[in-house]
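Hi there,

Here is the structure I promised to pass on, with my notes on what turned up. Please have a look at it before reading further.

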Amino acid sequence: RFETQLKTVTVVDTNGAPVPDARVYTGECLAWDNRAQTVRLTEQLPWQRTDANGVFSFEFIRQGAGRPYFVTDASFERMGCLHIARKDPAETYTVQIEKLARIKGVIRSADVAFSHVHVSVPYRGENDLFPLLSSGYHLDAPVHEMTLDLPCPAGCDLYLHIESEEPAFERYQKRQEIAALRPGQVLDLG
């Protein structure tokens, strides 16, 4: 039988004030909106929302795997993440949501045009990677240059993986570790 424990999380802003109606996701929660050419929250409903006091609670299976919780305010301008390890005995937690950071860069090739690029941004918690964003960029016509601008949570370690689904680009995959960014920081990959 799995042992469960009641966990309670309070979501606060940078001033320590509770954030009511924050959205809580337990898995991949960001998606590329091809029409708007931007990253947004997925269409899936949030796993939970905070109450008027900025609190959400849930039963946690201690023998199961650890899990990250991604939290964003209703405007999707601030975000935070919390990782709870499977044997963590704590019952109460606080997660602070802060202004989003951004990862910017350009994919360019003078030789080959591309029309579909897949980008994933996993979050690293403990020794595991958890998907935060995994999206395909579908372009109406092949291009030789494409700009990336990815909002992401500050204060946590991320990975960036870019690959084109064009056969000629198989050798041009890119994986990069992204150290924790400050709120509002823009990392320009060049």
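An open sheet is built from three strands in the order 6-1-9, with mixed pairing. Its edges are strand 6 (55-61) and strand 9 (92-96), each of which pairs on one side only. From one strand to the next, the twist averages 30°. Please keep in mind that this is a predicted model.

Strand 1, which covers residues 4-12, pairs with strand 9 in the parallel sense, over five bridges. If you want a spot to look at there, Thr-8 has Thr-92 in strand 9 as its bridge partner.

Now to the aromatic rings, where the count comes to eight pairs. One of them is Phe-56 with Phe-58, a stacked pair with 5.9 Å centre to centre and 15° between the planes. Phe-56 is buried, at a relative accessible area of 2%, and Phe-58 also counts as buried, at 6%.

How is the pair of Phe-58 and Tyr-69 arranged, stacked or tilted? The ring centres of Phe-58 and Tyr-69 are 5.0 Å apart and the planes stand at 40°, so this pair is tilted. Because Phe-58 belongs to strand 6 and Tyr-69 to strand 7 (residues 67-72), the pair ties together parts that lie 11 residues apart in sequence. Both Phe-58 and Tyr-69 are buried.

These residues come together in one aromatic cluster, formed by Trp-47, Phe-56, Phe-58, Phe-60 and Tyr-69.

How values were computed
Residues numbered from 1 in each chain as written. Predicted model: local features only at pLDDT ≥ 70, side-chain atom pairs only at ≥ 80, totals over all residues. Heavy atoms only, no water. Pairing = 2+ DSSP bridges. Helix = DSSP H or I, 4+ residues; strand = E, 2+ residues; numbered from the N terminus. Axes fitted to C-alpha atoms, helices over the stretch in contact; angles between N-to-C directions. Phe/Tyr/Trp six-rings, centres within 6.5 Å; stacked < 30°, edge-to-face > 60°. Buried < 20%, exposed > 50% of the residue type's maximum accessible area, 1.4 Å probe, protein only.
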